[in-house]
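These are my notebook entries on a single protein chain.

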Amino acid sequence: MIIPAMDGFYDDCPDFTNFADQCGQIEDYFQDNHDGKLYGAYGASQGGLIITELLTRNRINIQTVIMDEVYVAHQGRLAGWITYKMFDKYKNTGKFPAFIHITMKLMGTTLEELMGGLEKTLYLNASDVTMKRNFLENYTYHVRPELTNTTSKVYLWCGSKEPYAIKSHNLQ
């Protein structure tokens, strides 16, 4: 099992640049170490976006893919900026702005459900540069038509109350 970590989200790493760069690093690793082949990949949330981009680029052969609660439906720069500001406030004060409850409802969850998972995985040492770039990239991502060229077997998972994930699935 190989679990890649994005730049900007682990100790002593460079800042996050963009998803294309992150995918290039993953592709280089698999080309150099595994003949460009991967039996299976699992990506949840932003990990699903990374896998979507890898499938679109088609530089490595991934036989089977599971994407769970993937959000690749373009939501815009404003959504990225607002999300960055919410997480920046949380990082600095331990509290989210009140309007996060609206965002969570749109995502089909609650703040309490979100934090149950995030408190275990949220990397609070990320720089402001990393956070801004990451949220803007995430919320302005566009699925490209080249995705249909993949030969991978893809399974899309999400809950029935996750409207953005369902919208994302319809794009793929």
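The entries below are grouped by topic.

**Basis of the entries**

I worked from a predicted model, in which local features need pLDDT of at least 70, side-chain atom pairs count only at pLDDT 80 or more, and totals for chains, interfaces and linings use all residues. Residues are numbered from 1 along each chain as its sequence is written, and side-chain values use heavy atoms, with hydrogens and water left out.

I took helices (H or I, at least four residues) and strands (E, at least two) as DSSP runs, numbered from the N terminus. For burial I used relative accessible area: buried is under 20%, exposed is over 50%, and partly exposed is in between (1.4 Å probe, protein chains only).

**Aromatic rings**

I described each pair of aromatic rings by the distance of the centres and the angle of the planes. I counted rings of Phe, Tyr and Trp (its six-membered ring) as a pair if their centres lie within 6.5 Å, with planes under 30 degrees apart called stacked, over 60 edge-to-face and the rest tilted.

I found seven aromatic pairs in the structure. The pair Phe-16 and Phe-19 is edge-to-face, because the ring centres are 5.3 Å apart and the planes stand at 70°. Phe-16 is buried at 0% relative accessibility, and Phe-19 is buried at 2%. I also noted one aromatic cluster, formed by Phe-87, Tyr-90, Phe-96, Phe-135 and Tyr-139.

**Nonpolar surface patch**

I looked up patches built from residues with over 30% relative accessible area and no salt bridge, where like charges are joined within 9 Å and nonpolar side chains (Val, Leu, Ile, Met, Phe, Trp, Tyr) within 5 Å. Accessible areas come from the Shrake-Rupley method with a 1.4 Å probe, and for residues only the protein chains shown count as cover.

Tyr-42, Tyr-155 and Trp-157 make a nonpolar patch of about 360 Å². I placed Trp-157 in strand 3 (residues 153-157), where this residue is partly exposed at 43% relative accessible area.

I recorded a contact where heavy atoms lie within 4.5 Å. A polar contact is a pair of N or O atoms within 3.5 Å; within protein, one must be able to donate a hydrogen and the other to accept it, and residues adjacent in sequence count only if both atoms are side-chain atoms.

Asn-138 lies in helix 6 (residues 128-139) and is buried at 15% relative accessibility. Leaving aside neighbours within four places in sequence, I listed Phe-19, Gln-46, Leu-49 and Tyr-71 as the contacts of Asn-138. With Gln-46, the side chain of Asn-138 makes a polar contact of 3.4 Å.

Leu-54 lies in helix 2 (residues 46-57) and is buried at 6% relative accessibility. Beyond neighbours within four places in sequence, its contacts include Cys-23, Ile-26 and Glu-27, as well as Arg-59. Leu-54 and Tyr-71 are 17 residues apart in sequence, and I noted a C-alpha to C-alpha separation of 15 Å.

**Salt bridges**

Side chains of opposite charge can pair when their charged atoms come close.

Arg-59 bridges to Glu-27, with the closest N and O atoms 3.6 Å apart. This pair links distant parts of the chain, 32 residues apart: Arg-59 sits in the loop between helix 2 and strand 2 (61-68), and Glu-27 in helix 1 (residues 19-34). Glu-27 is buried, with 4% relative accessible area.

I found Glu-53 and Arg-144 joined in a salt bridge of 3.0 Å, N to O. Glu-53 is in helix 2 and Arg-144 in the loop between helix 6 and strand 3, so the pair ties together parts 91 residues apart in sequence. Glu-53 is buried at 5% relative accessibility, whereas Arg-144 is partly exposed at 32%.

Arg-144 also meets Glu-146 in a salt bridge (3.7 Å, N to O), and Glu-146 is partly exposed at 36%. Elsewhere, salt bridges that share partners join Glu-27, Arg-57 and Arg-59 into one network.

**Positive phi**

Asp-12, which is not a glycine, has a positive phi of about 60°. I placed Asp-12 in the segment before helix 1, exposed at 83% relative accessibility. Asn-58 likewise has a positive phi, near 55°; this residue is in the loop between helix 2 and strand 2 and is partly exposed at 43%.

Technical notes:
Salt bridge = Lys/Arg side-chain N within 4 Å of Asp/Glu carboxyl O.
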